[in-house]
Number of protein chains: 4
Amino acid sequence: MCGIIGVNPSGGIQRYDAGQCAVLGLFAIQHRGQESCGVALSDGNKIILRKEMGLVKEVFPDNEAQKLDGKLAIGHVRYPTKGKSDIKNAQPHVLTTLHGPCFALASNGDIVNYKNLREELEKEGVFFESDNDGELILKYIGFWHITKNYSIIGAIKRVMANFQASYSSLLLTKDRIYAFRDPFGNRPLVIGKTDEGTFVFASETCSLDILDAHFIREVRPGEIVWVQDGQLQSHQENPDMYRLHHHNAQCVFEMIYFSRPDSIVFGHKVYDFRERIGSKLAENETIKPDIVIPVPDSSNFIGLGYAKKLGVEFDLGLIRNHYIGRTFIKPAQTFRDEGVRQKFNVLPEYLNDKIVTLVDDSIVRGTTLKKIVRLLKKNGAKEVHVRIGSPMIKYSCYYGIDTPTREELIASQKSIEDIRAFLDADSLRYLTLEELKNIVTQNEEFCYACFDGIYPIRLYNQV
Amino acid sequence: MCGIIGVNPSGGIQRYDAGQCAVLGLFAIQHRGQESCGVALSDGNKIILRKEMGLVKEVFPDNEAQKLDGKLAIGHVRYPTKGKSDIKNAQPHVLTTLHGPCFALASNGDIVNYKNLREELEKEGVFFESDNDGELILKYIGFWHITKNYSIIGAIKRVMANFQASYSSLLLTKDRIYAFRDPFGNRPLVIGKTDEGTFVFASETCSLDILDAHFIREVRPGEIVWVQDGQLQSHQENPDMYRLHHHNAQCVFEMIYFSRPDSIVFGHKVYDFRERIGSKLAENETIKPDIVIPVPDSSNFIGLGYAKKLGVEFDLGLIRNHYIGRTFIKPAQTFRDEGVRQKFNVLPEYLNDKIVTLVDDSIVRGTTLKKIVRLLKKNGAKEVHVRIGSPMIKYSCYYGIDTPTREELIASQKSIEDIRAFLDADSLRYLTLEELKNIVTQNEEFCYACFDGIYPIRLYNQV
Amino acid sequence: MCGIIGVNPSGGIQRYDAGQCAVLGLFAIQHRGQESCGVALSDGNKIILRKEMGLVKEVFPDNEAQKLDGKLAIGHVRYPTKGKSDIKNAQPHVLTTLHGPCFALASNGDIVNYKNLREELEKEGVFFESDNDGELILKYIGFWHITKNYSIIGAIKRVMANFQASYSSLLLTKDRIYAFRDPFGNRPLVIGKTDEGTFVFASETCSLDILDAHFIREVRPGEIVWVQDGQLQSHQENPDMYRLHHHNAQCVFEMIYFSRPDSIVFGHKVYDFRERIGSKLAENETIKPDIVIPVPDSSNFIGLGYAKKLGVEFDLGLIRNHYIGRTFIKPAQTFRDEGVRQKFNVLPEYLNDKIVTLVDDSIVRGTTLKKIVRLLKKNGAKEVHVRIGSPMIKYSCYYGIDTPTREELIASQKSIEDIRAFLDADSLRYLTLEELKNIVTQNEEFCYACFDGIYPIRLYNQV
Amino acid sequence: MCGIIGVNPSGGIQRYDAGQCAVLGLFAIQHRGQESCGVALSDGNKIILRKEMGLVKEVFPDNEAQKLDGKLAIGHVRYPTKGKSDIKNAQPHVLTTLHGPCFALASNGDIVNYKNLREELEKEGVFFESDNDGELILKYIGFWHITKNYSIIGAIKRVMANFQASYSSLLLTKDRIYAFRDPFGNRPLVIGKTDEGTFVFASETCSLDILDAHFIREVRPGEIVWVQDGQLQSHQENPDMYRLHHHNAQCVFEMIYFSRPDSIVFGHKVYDFRERIGSKLAENETIKPDIVIPVPDSSNFIGLGYAKKLGVEFDLGLIRNHYIGRTFIKPAQTFRDEGVRQKFNVLPEYLNDKIVTLVDDSIVRGTTLKKIVRLLKKNGAKEVHVRIGSPMIKYSCYYGIDTPTREELIASQKSIEDIRAFLDADSLRYLTLEELKNIVTQNEEFCYACFDGIYPIRLYNQV
């Protein structure tokens, strides 16, 4: 899970604060990655790059963002999936040659056959500085364009033919941005345009909103788009040539958890989708609690939908500390449940003798949720019923989501009843896959592999 | 507005991760100040200090916090009121002498007669490194204790006799922490204790929660408390000796806006107080909107209370970006309403043709609220009715809140109707002072000066 | 041992790159202190300060030095004597009051009765942030000027009456620099003037040279000078009022070791003084070596004078690595004599079978010299005769030089013969005190305490 | 001009502080490059790298150097020739592949046909991160070894066949260091061994000295050496296969200027070589000055040799400030000759009415020397005669020395008399090429291209 942004003023090459706009756009999708961020810019002649470990506001404070002088810009926020936490794995990557063109690339996704492709390239003499998917795609395109004289479009088509999901990528050349998406459509990528004619490519529509750009459409699976003569140009590959099943494999988890609630993703308004999950969960509910509490902030809308449908009180009974660091201190052993305690606190006396339904979006390992249940009970909750807004996660994801191995996925190891006991909850219910598919529009175009193990791509010797 | 924490294991001087606990405690009250933070520790012989500009998680990352080796600790997070943004104004301050004792002090509040007191001390030869209230209190105590041979209690009593509100302070000596609060009780200061016998002093009870400490009681106005032989000791001054009116002047705004909703402040559960504000606002409501939207996160509970009472739908229609920096970039001029756009976004298509009631806690200058109203209307809201959970702020505060001059307070310059027109709202209503006092328990013990101009302390030549 | 600089354009207050000039001046006296450096500037209204740990070129690189905008400037490079290695002990120190004047001070020297004076001030309520002499002098002046209404001249006179050597100081006020020197004249302080009328005060004349300023004269012991109406003004105290013996106590070691060879110090051209030491050493020489090698760079001129007088070959047989860090790595134990090996190397095959006379300026502990002798012999020297350009150092210095305790001074513990044996030298001779005094002009005005133990100031309870 | 070091304990792979030794070795050759430095280490399984901009003592302070844990180490200090001042151009470079071997390389020299070679590789798909020669050699070897299955020796042989001088390089593999030198022998590279059996490869013998390693011999032009079974192994290419003229082209300037005086370079003791230059210059001297002054420190030994031969007084009349930064401040315009003034100062009154011969090693642009002449005259010199220890530099160097274009070389534009007039010297004489060759042993094996334009390699389309 990473986030990408591209800013391309139309009317050819003209200066339009593209760098600052890219920073603003990244800022809106910071939730997709907090480890590093970067922006690459072209002024029409050369490409410059600025990337560092840290949040957008740290790497690009006011004075730094204003220095990003360029006519075209792409940006990236990174959440580590493949590759160590190291500036070398930060994106965008840049490819510079002695005379010829110069590229930068920002990508979101995970390449399933990364090792095979890299080995293949290394045999040709293409060496790598990082373990990062983005560098692989960039040098692959570079190799076919520079060494084998393919056109850029041709080189991207080779990517589509040979790279197994997933990638939503932006390729910056000296005078153009190419946006392309794998034939599976696994990761999102949208197109927007401002009233002034600047095209924006972004992982989520919330980046369009912050730039006052109107949502035009998604980049389609297997499509390459770019701006030429002020118009959006497109090359569409037939995605079915490159995929096992004749369907897209859009990640349903983008709507359940990853994306911001104010975004529109894969044709779904995220907040609305989540409210409908909540509503669906409430349909056959047998427990009528005193209050419904979501795990903030990711489950707020699922909780809202659930409470409304059930007609019980919705409340923000768990307070989340937004100042928390990702790797904050491990306090003295006397303070149990510390990680949760730093992140969440309960409203005082609020739960006393109440039957609580706690709503969360999903369960991965279950350890955090267990601590929250304990926290609620310690603060007076009489009963805690847990409702989960997604099916049981039984399979690892290889397409961009940092899920652990199957052994660590509690739902691949335990029954619902055992999980309930582990959580010390009074009852536990998941949304079923059937119910989920009922909510998803065009549900056959989505990937549910983490729930049902039906991967869109055959996995061979995958780590 | 700042936050303070003190950690004092009982059973005499014994090592107990006091430094790490102080950091955790600060972490819970980070909302009270994000400019700088610091911790001073005593190991029984000497006092060491570590403070820097930045957030707690930045200044005390994991490995740094674990190095804070001491038996007693006090900490501080700073929100700039008096004094420039400079490490010199960061707290705690430390006073070191050649042979004798050594003090550190952390304080929350604003000294009204700062200039007079500093001038007085400077005439005696006591010089200052900062413009900070905390240094003034510390050196004042130092002067009377070291130079004039007062006991520490005696010196603090002199503070109470001469310093005009407000201060809630923690004084660290080599073997003790003294917690004291001005006779007006303007700023909060609570006492807690863990099961293991560690006493905790903190601005808010949420710092007790994160340390698994039980709330004991508040430090009383005019009281000095400390731990001796494992017991809490107290010296109580008669606060009426030092104040104009025979009442406390607890800041009502702590409950309306400053404090975390999960804290208990001045005897009020904050979330509950805010819900009752919302409920009170709804009592005589004439407009029945389609939806109620609070300005997140500060007005969430006011909004909840309002929506429940009115029986209309409550929704989180405004999404807040928590990754925002305090001094983030000013984007290109083409993007209007930029500050608001970076901070808030609206759920797509959610407001279409709806009558919205927007709930906010207060209006200071009105500029941000005006932008939010515009944002809602641009996104389809048919009508936007604004409801404010506090009376009109017509007067500046001199006791620790960073309010602007009267000229900048919109409510001191305009009528309600003019403010409504300025905001471009369809209607506007404030909570009345009468209504507010109805909600406040023991309301005569509170300060409402920002609403009614009745200051608890006579103001003379105040900047 | 520290270095100070003051830059005061005449013709009243006018901008003249005073800050940049101060930085250049510090740069020339960097050999007097490499731990920290700083510059304080006045623009006529307020005083600003910039100081940091590190070398002048690190703290004030090009772009930083150009930002030092002020009409008057003082600067300091620090070599740690009293006080820990800490930015708090870096100079200049600044004293700021609420309304009144504002001072900065830079000082070179060591106050013998520091503790008594600080204790006295602390009893009055004057507290300190550092253990530094400069802060003591500054706040002492501040106390008597601000609290006791003394004039500035009057307050400095009190310093002269009460502070026991040594200090050569520069006091910066908003519109003036006062340069003053203790009645013993222990540390140097010179006055220069450029053709454009800028007055420069500096520890050594090499700072005048770099600024194209002509040497005017020294600040006299017990004198206070300042610039007024474009003219140098002076107040001369009778130094005999404040000293035990009716003589100056100028540090003879400034000429032997501390000062740069191109400086004029206490009326002596340093290079010339050192050549005369060498010449004097050679007068009664019985050993005629094949070559004379000085320990570079400090003993180069002593070696030159010695070789010329003796009529033997002078050579730079030891090469010094100028890139050495002060706290460089301790290499693996297999490499003996490591510190010396990093700093010095011998010309290959140069010493083979030669009789070498090694010339050094002084012996403190003797450990480094022992390693150099071993290095020379290992590289083929048949005999190594050591000649020392100063008498035996038998007593600690309390006036600004960082000598160790008497126990660590090899000459206070061993006879010449024992030292020779320790060094493994074939012969060893020191310059005698008699010989030294023969070279010094007005030799009764100098301090030789490190050689003869006759301190100009009575020492009581000195650490 | 850069410096390299390799540390290879014999007896197979065993831990022996190789990293710390490499740092010490770099420290001794810091004069060959101050821009950046780095060390790459192998522990037998993987290669780690640490490099940064700055001096050795800054990049590897005590605690950092001790962390360099590895069994084999190579290091580099960089003086920028080709490529911008950027961490990307710092060496060593490292090549990492997915499965296979892993290399690091440090190189000294300049590849004349860099562009052609890089273009050739880029056509194959080998892309570059820097403009640095070292990366080119490394990836070239990587390409032929990994892609084309050449042995490492075979790949290095290809380097020798295709790379046109100059390079003295160290290739680190997981379990070995290969040292090799171009067939022209343009840059130095020596082999040493400690008593404990550690082999050391270094640019200069002074790195051997600091490690107590004995000088064994030079790596020969066209030779590849490595350590195997505790013994030095060698593969010798016939260098004549790869060079135009059947001679080495050792850089004579290494002895004149670059190398440390205590090093042995190309069979010459550097200090001795320089003294002989001075002596040769004095042979036909017609001017008998009062004193001889060298430009310190580079010309000290030329000056010594000159003065001895002539029988006049040698003196260190110019003092050099070793604390100068490379990019120090440009002071106010009123201070003329500023660069020189920061770097050099004259002994006071020393030159009065004296006839001075100023000795320098070479003249490039002549601007600094002009300022020194002016400085001497301003300080009283009656006459200043300039003697230069090398022939006129009329041609640019393409093999590792950062000389400017011919237009900027004063000797390619002006006659000796015009240069004398430009310098405002009373007379000027250069060493002739004939005289120089007389001093050089085996003089036909050296490159004098900067003097006579006879390049050992044909130059085609060279920038």
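This is a predicted model: local features need pLDDT of at least 70, side-chain atom pairs count only at pLDDT 80 or more; totals for chains, interfaces and linings use all residues.

Author: In one of them, the side chain of B:Glu129 pairs with that of C:Lys139, with 3.3 Å from N to O. Side chains of opposite charge can pair when their charged atoms come close.

Three elements of chain C, namely strand E5 (93–96), helix H4 (114–124) and helix H5 (133–147), each supply at least two residues of the side that touches chain B. H4(C) gives the largest share of that side, 7 residues. Sorted by class, the side of chain C that touches chain B holds 8 nonpolar, 6 polar and 8 charged residues.

In extent, the interface brings 22 residues of chain C into contact with 22 residues of chain B. About 1900 Å² is buried between chain C and chain B, and carbon and sulfur atoms give 59% of this area. On the side of chain C, the residues that lose the most area to chain B are C:Leu98, C:Phe127 and C:Glu129, which together account for 32% of what that side buries.

The arrangement of the two chains is symmetric in the following sense. Chain C is superposed on chain B by a rotation of 179° with a shift of 0.1 Å along its axis, at an RMSD of 0.1 Å. The two copies are therefore related as by a two-fold rotation axis. C:Val126 is the residue of chain C that comes closest to this axis, with its C-alpha at 2.4 Å. Because 100% of the interface residues of chain C are also interface residues in chain B, the copies meet through the same surface.

Chain B also meets chain A. That contact takes 66 residues from chain B and 66 residues from chain A. The area buried between chain B and chain A is about 5700 Å², with 63% of it from carbon and sulfur atoms. Across this interface there are 8 salt bridges, including one between the side chains of A:Asp212 and B:Lys378 at 3.1 Å from N to O. Polar contacts between chain B and chain A number 19 residue pairs, both members at pLDDT 80 or more. Helix H1 (residues 18–28) of chain B provides the largest share of the side that touches chain A, 6 residues. By class, that side of chain B comprises 33 nonpolar, 13 polar and 20 charged residues.

Some pairs of chains have no contact. Chain A and chain C do not touch, and their nearest C-alpha atoms are 17 Å apart. Chain B and chain D do not touch either, with 18 Å between their nearest C-alpha atoms.

Salt bridges also occur within single chains, and the count over all chains comes to 116. In chain D, the side chains of D:Asp131 and D:Arg118 meet in a salt bridge at 3.6 Å from N to O. D:Asp131 lies in the loop between helix H4 (114–124) and helix H5 (133–147) of chain D, while D:Arg118 lies in helix H4, so the pair ties together parts that are 13 residues apart in sequence. D:Asp131 is partly exposed, with a relative accessible area of 31%, whereas D:Arg118 is buried, at 1%.

A:Arg217 forms a salt bridge with A:Glu223, with the closest N and O atoms 2.8 Å apart, and both residues are buried. A:Asp272 and A:Arg276 meet through their side chains in a salt bridge at 3.2 Å, N to O. These two residues are separated by about one helical turn, because they are 4 residues apart in helix H9 (residues 270–283) of chain A. A:Asp272 is partly exposed, with a relative accessible area of 27%, and A:Arg276 is partly exposed at 33%. A network of salt bridges links A:Arg32, A:Arg187, A:Glu204 and A:Glu254.

Conventions: Residues are numbered from 1 along each chain as its sequence is written. Chains are lettered from A and ligands numbered from 1 in the order in which they are written. Side-chain values use heavy atoms; hydrogens and water are left out. Copies are superposed by least squares on the C-alpha atoms of residues with pLDDT of at least 70 in both. Contact means heavy atoms within 4.5 Å. Buried area is the accessible area (1.4 Å probe) that two parts lose on being put together, summed over both. A salt bridge is a side-chain nitrogen of Lys or Arg within 4 Å of a carboxyl oxygen of Asp or Glu. Ala, Val, Leu, Ile, Met, Phe, Trp, Tyr, Cys and Pro count as nonpolar, Asp, Glu, Lys and Arg as charged, and the others, Gly among them, as polar. A polar contact is a pair of N or O atoms within 3.5 Å; within protein, one must be able to donate a hydrogen and the other to accept it, and residues adjacent in sequence count only if both atoms are side-chain atoms. Buried means under 20% relative accessible area, exposed over 50%, partly exposed in between (1.4 Å probe, protein chains only).
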